[in-house]
Amino acid sequence: MSSLGMLLILETDFGLKVSYDWNTLLLLTLPRDLYNTSCGLCQGMPLSPPTLTTTDWGMTWAERDTFCQVGCGDSCPRCGLGDKSTLNTAPLMVADSSMDNDNEEEPNGVATGIRFHVGDGLYVFVEPEAVRLCGLIVDRGGVFARCHSKVVPAFFYQSCLQDTCLDQGAQDTICNWLQVYASTCQTQGVPVTGWRSDTPCVQSCPPNSHYSSCMTVCPPQCAPARGQRDCNQDCVEGCQCDLGYVLNGKSCILSQNCGCYTDGKYYEPKQLFWNSDCTKRCQCIGRNLIQCDPRRCKAEEECTLRFGVRGCFARRSQHCVASGGGVFRTFDGASLRLPASCSFVLSTNCRKLPDLSFQLIANFDKWSTPNLTTISHVYLYINEENILISGSTVKVKTHYPGSPMPQSSGFVPAVCLVT
């Protein structure tokens, strides 16, 4: 896993590559020998009968949960549906950035935009300035031209026009598609720099960093990049750390605040971890300063890797289920129904242990229906970490040893389920 300009890159030893821009672009690259043996939405709709609609195909690979909704039905945003009998034969209109738009006005002098046919009887009306900006993608003499042979620009250009029409010429929409095409080119080994100079697109950067149209592929960072990387290749655009700061994940910090790198893994300051055979429990004290104490797994535990974390885990795990409506399934398989609006301690230490302290609390709030409750907050205290999960927000706070475990205001632990 590494970063490349504005992209997070994950590569495997069998050729799979995932690129993510932390916002709107997710790219998956497969080697040719895996392409014809893979399944999923990325594989594309089948050409053979029965013919599926886009919504039907989406439902085939959707995660079937209560919040999943595929398609928009009659509420889909529209941007000018034309007569298919007359428009299907119309050529796909492609404009260079120098396109003349002087004749696109009504008699009263009000610009109506340029009409583009984008296929399947759909045409869009786009303002001249939006046409110019989207047209940078396909301009054969423009800054993106060197990428055309690697990444065909038609899809990105048409999507830019259509989304700009739907968003009524929103500048952010245009800039997003220009950025998406530039990032896609970058993942294919064709870095595109300087394209922002002819656009109103401005890139904001996090604290302690600044935008650079041409930064090194291998910037200074706390943890060395894993995998092979050619640091001599062309520069890329991105957010470059200010002088004296180094890259730590997605942020820039002072080099003296870096954590520890050992056995091919990076640990943040104060982070606890096991060594490779679970004979030592270690902590990163500061920059590459590690303190370890002799430890070993208990008789009922095994030293193994779970979810990417090395540790001592129970050989056979049990699970407890808590759901809205106050319905519980305990570790021993018993079912409980406790419709109430309160907080429950689902599990915690029954006695103090030298190297383990945890507590899981769920807060149930009343919903609109009588006697029906929903889980509004989840609190997890584990060793020195305090974690609050609420909605789509996760908050983590470090709790230092020696101080009492915090209790959130309003907590009334109602029941302790035996672990």
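The crossing of helices α5 and α6 is right-handed, a crossing being right-handed if the near helix is turned clockwise from the far one by less than a right angle, and left-handed if anticlockwise. The model is predicted, and local features therefore need pLDDT of at least 70 and side-chain atom pairs pLDDT 80 or more, whereas totals for chains, interfaces and linings use all residues. Residues are numbered from 1 along each chain as its sequence is written, and side-chain values use heavy atoms, with hydrogens and water left out.

Helix α5 covers residues 154-166 and helix α6 residues 171-187, where helices are DSSP runs of H or I with at least four residues and strands are runs of E with at least two, numbered from the N terminus. The two axes come within 9 Å and cross at roughly 165°; axes are lines fitted to C-alpha atoms, for helices over the stretch in contact, and angles run from 0 to 180 degrees between N-to-C directions. The helices are therefore roughly antiparallel to each other, the term applying to angles over 145 degrees, with those under 35 counted as roughly parallel, 65 to 115 as roughly perpendicular and the rest as oblique.

On the α5 side, Phe155, Phe156, Ser159, Cys160, Asp163 and Thr164 meet Thr173, Ile174, Trp177, Val180, Tyr181 and Thr184 of α6, contact meaning heavy atoms within 4.5 Å. These residues divide into seven nonpolar, four polar and one charged, where Ala, Val, Leu, Ile, Met, Phe, Trp, Tyr, Cys and Pro count as nonpolar, Asp, Glu, Lys and Arg as charged, and the others, Gly among them, as polar.

Seven aromatic pairs are found in the whole structure; rings of Phe, Tyr and Trp (its six-membered ring) pair if their centres lie within 6.5 Å, and planes under 30 degrees apart count as stacked, over 60 as edge-to-face and the rest as tilted. Phe155 and Trp177 form an edge-to-face pair, with 5.9 Å centre to centre and 85° between the planes, which links parts of the chain 22 residues apart. Phe155 is exposed, with a relative accessible area of 52%, whereas Trp177 counts as buried at 13%, buried meaning under 20%, exposed over 50% and partly exposed in between (1.4 Å probe, protein chains only). Phe156 and Trp177 also form an edge-to-face pair, at 6.4 Å centre to centre and 70° between the planes, and Phe156 is buried, with a relative accessible area of 9%. Phe155, Phe156 and Trp177 belong to one aromatic cluster that includes Phe144, Tyr181 and Trp195.
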